[in-house]
Amino acid sequence: LRSQIFVDKSGLIEKTNRCVRTLQRYICVSRPRRFGKSLNMSMLKYFFEIGNDQAIFEDLEISKDKELCDQYQGKFPVISVSLKGAKAGNYEDAKAMMKYIMAAESRRLYDRMSGDKLSEKQKEQMKSLMSDNMKDTELMTALWILSSILKEYYGKKVIILIDEYDVPLDKAFENNYYNE
């Protein structure tokens, strides 16, 4: 007979918000492997992001803090990228994988927005970002461009979640293209 255990980690949201309230702009969560960082990042995305089903947090620890939920839950545009897939044996392949990751997130966000609220320039920028063949300069500025568009579109600050940020760096070091 197997028993099932549910661990409510939603209390992390309150701790994250405590950092936000102190005007801390960046939070780096560096824990050992298999510690649940990716799961927690996904939870933060679903809590903060505009348009997500808020009912998934009902009856969890975080739902007891009504004021926090009313103020932050479902109120922000969120860019969420995982660089876990950016494992490459050379610089060109790594760059192509990064472009694919940014294009996929750009498509996800574009699908959530109403095209009629975007300017022609923003539509053009989004189309470039959604292409796996984006220019290298677009890749280098993708987070900035995307967050600028979202901030203007929603009129709110943007939350950026980057998971597995060290994977491309580790592979670059391991495969001798770190300097590139």
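How many helices and strands are there in the protein? There are seven helices and two strands, and the model you are looking at is a predicted one.

**The whole protein**

- If you walk along the sequence, the elements come in the pattern α-α-α-β-α-α-α-β-α.
- The protein has 180 residues, and 34% of them count as buried.
- Its exposed surface comes to about 12200 Å², with carbon and sulfur atoms supplying 52% of that area.
- Take the contacts between residues at least 6 apart in sequence: 72% of these join residues at least 24 apart.

**Helices α4 and α6**

- Two packed helices are described by the angle between their axes and the distance between the axes.
- Here the pair to look at is helix α4, residues 91-112, and helix α6, residues 136-154.
- Their axes come within 10 Å and cross at roughly 15°.
- Angles under 35 degrees count as roughly parallel, so α4 and α6 are roughly parallel to each other.
- The crossing of this pair, α4 and α6, is left-handed.
- On the α4 side, the residues that meet α6 are Lys95, Met98, Lys99, Met102, Ser106, Leu109 and Arg112.
- On the α6 side, their partners are Asp136, Leu139, Ala142, Leu143, Leu146, Leu150 and Tyr154.
- Sorted by class, this contact of α4 with α6 has nine nonpolar, one polar and four charged residues.

- Leu39 belongs to helix α2, which covers residues 37-48.
- Is Leu39 buried or exposed? Leu39 has a relative accessible area of 56%, and over 50% counts as exposed, so Leu39 is exposed.
- Leu39 and Asp163 are 124 residues apart along the chain, yet their C-alpha atoms are separated by 10.0 Å.

- Most residues other than glycine have a negative phi.
- Glu164 has a positive phi, near 55°, and is a residue other than glycine.
- You can find Glu164 in the loop between β2 (159-163) and α7 (166-174).
- With a relative accessible area of 25%, Glu164 is partly exposed.
- Asn176 is not a glycine either, and its phi is positive at about 60°.
- Where does Asn176 lie? Look in the segment after α7.
- Asn176 is exposed, and its relative accessible area is 70%.

Notes. Residues numbered from 1 in each chain as written. Predicted model: local features only at pLDDT ≥ 70, side-chain atom pairs only at ≥ 80, totals over all residues. Heavy atoms only, no water. Helix = DSSP H or I, 4+ residues; strand = E, 2+ residues; numbered from the N terminus. Buried < 20%, exposed > 50% of the residue type's maximum accessible area, 1.4 Å probe, protein only. Contact = heavy atoms within 4.5 Å. Areas by Shrake-Rupley, 256 points an atom, 1.4 Å probe, with all protein chains shown as cover. Axes fitted to C-alpha atoms, helices over the stretch in contact; angles between N-to-C directions. Parallel < 35°, antiparallel > 145°, perpendicular 65-115°, else oblique. Left-handed = near helix turned anticlockwise from the far one by under 90°. Nonpolar A, V, L, I, M, F, W, Y, C, P; charged D, E, K, R; others polar.
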